[in-house]
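Subject: Handing over the structure

Hi there,

Here is the structure I promised to pass on to you. Have a look at it first, and then read on for what turned up in it.

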Amino acid sequence: MEPLKSGDSHAPALLTNLEVMELLQERVAIREAASSSDGNNNKLPSFQARDWIEQTVFDYLNSSPAGSSEVKLDDMHKLVKTLRREPSTTTAATTDADNDVKLDESSDVVQGYGLTTAETLQVLNHLPTSLVELHLLIEDLEKRIPEEEKQMEFLRLLSQYSGRDVEEAAGDEEEEEEEETNDMEE
């Protein structure tokens with residue numbers, strides 16, 4: 001089997017857990033169809049080990065966030081483009097040269113997040129639902145996306161694709177508890 005390559009760099013292609021799951025699912029289905037049509041369940045020992053490994057990896061990935069989400073491979077391309085697109089640094093309205101259309105920050109233009117390839121892969125594999133998880137996956141998040149509201153928007157975007165609920169920031173709850181404690185002391 002030839003290693004997968006991406007582009008001219010000849011670096012191996014990076015696969016998400018969802019892509020690996022789909023590949024393993026196809027392999028298991030083909031194998032089961034072939035064994036049921038042959039009626040021969042006696043496998044060579046080397047193939048039994050391979051089959052066990054593939055099934056074990058598939059079961060693990062199926063129990064991971066990628067396996068328990070509603071993300072479809074068809075939707076993933078659009079999500080990856082959004083995650084990798086550089087964030088807009090201009091605050092004024094700009095003009096698109098091709099269409100002569102003004103794009104404003106308040107419009108529904110999807111802003112990017114400027115993630116690296118590795119960060120994008122980790123986000124797609126783990127599908128974070130809280131700010132803590134997001135900070136663990138993206139290097140220097142507080143510098144790259146300084147506003148907490150933008151970070152929550154990022155989580156909500158992932159939630160739209162994955163179907164997993166976002167855990168709201170705990171900072172608001174802590175402030176309320178602190179205010180209540182101060183009121184009680186007075």
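Arg50 is partly exposed, with a relative accessible area of 30% (buried means under 20% relative accessible area, exposed over 50%, and partly exposed in between, using a 1.4 Å probe and protein chains only). Asp51, at 9%, is buried. These two residues form a salt bridge, with their closest N and O atoms 2.8 Å apart; the term stands for a side-chain nitrogen of Lys or Arg within 4 Å of a carboxyl oxygen of Asp or Glu.

Before going further, please note that this is a predicted model: local features need pLDDT of at least 70, side-chain atom pairs count only at pLDDT 80 or more, and totals for chains, interfaces and linings use all residues. Residues are numbered from 1 along each chain as its sequence is written, and side-chain values use heavy atoms, with hydrogens and water left out.

Back to the charged pairs: the structure holds 6 salt bridges. One of them joins Glu54 to Arg31, with 2.9 Å between the closest N and O atoms. This pair links distant parts of the chain, 23 residues apart, as Glu54 sits in helix H2 (residues 45-63) and Arg31 in helix H1 (residues 17-38). Helices here are DSSP runs of H or I with at least four residues, strands are E runs with at least two, and both are numbered from the N terminus. Glu54 and Arg31 are both buried.

Another salt bridge brings together the side chains of Glu119 and Arg144, at 2.7 Å from N to O. Here too distant parts of the chain are linked: Glu119 belongs to helix H4 and Arg144 to helix H6 (residues 141-144), 25 residues apart. Glu119 counts as buried at 7% relative accessibility, while Arg144 is partly exposed at 32%. Through shared partners, salt bridges also join Arg27, Arg31, Arg50, Asp51 and Glu54 into one network.

Now to the helix packing. Two packed helices are described by the angle between their axes and the distance between the axes. The axes are lines fitted to C-alpha atoms, for helices over the stretch in contact, and angles run from 0 to 180 degrees between N-to-C directions.

How do H3 and H4 lie to each other? Helix H3 (residues 73-84) and helix H4 (residues 117-126) pack at about 135°, and their axes are 10 Å apart. They are therefore oblique to each other; angles under 35 degrees count as roughly parallel, over 145 as roughly antiparallel, 65 to 115 as roughly perpendicular, and the rest as oblique. From H3, the contact (heavy atoms within 4.5 Å) is made by Met76, Leu79, Val80, Leu83 and Arg84, and from H4 by Thr117, Thr120, Val123 and Leu124. These residues divide into 6 nonpolar, 2 polar and 1 charged, where Ala, Val, Leu, Ile, Met, Phe, Trp, Tyr, Cys and Pro count as nonpolar, Asp, Glu, Lys and Arg as charged, and the others, Gly among them, as polar.

H3 also packs with helix H7 (residues 148-162), at an angle of about 170° and with the axes 11 Å apart. H3 and H7 are therefore roughly antiparallel to each other. H3 brings Asp75, Lys78, Leu79, Thr82 and Leu83 to this contact, and H7 brings Phe154, Leu157, Leu158 and Tyr161. The contact of H3 with H7 has 6 nonpolar, 1 polar and 2 charged residues.

Leu115 lies in the loop between strand E4 (101-103) and H4, and at 3% relative accessibility Leu115 counts as buried. Leaving aside neighbours within four places in sequence, Leu115 is in contact with Leu83, Arg84, Thr120, Val123, Ile138, Arg144 and Phe154. Its C-alpha atom is 7.5 Å from that of Arg85, a residue 30 places away along the chain.

Leu127, in the loop between H4 and helix H5 (131-137), has a positive phi of about 40° although it is not a glycine. Leu127 is buried, at 3%. Asp140, in the loop between H5 and H6, likewise has a positive phi, of about 50°, without being a glycine. Asp140 counts as partly exposed at 36%.

Finally, the overall picture: the protein chain has 8 helices and 4 strands, and 27% of its 186 residues count as buried.

Enjoy exploring it!
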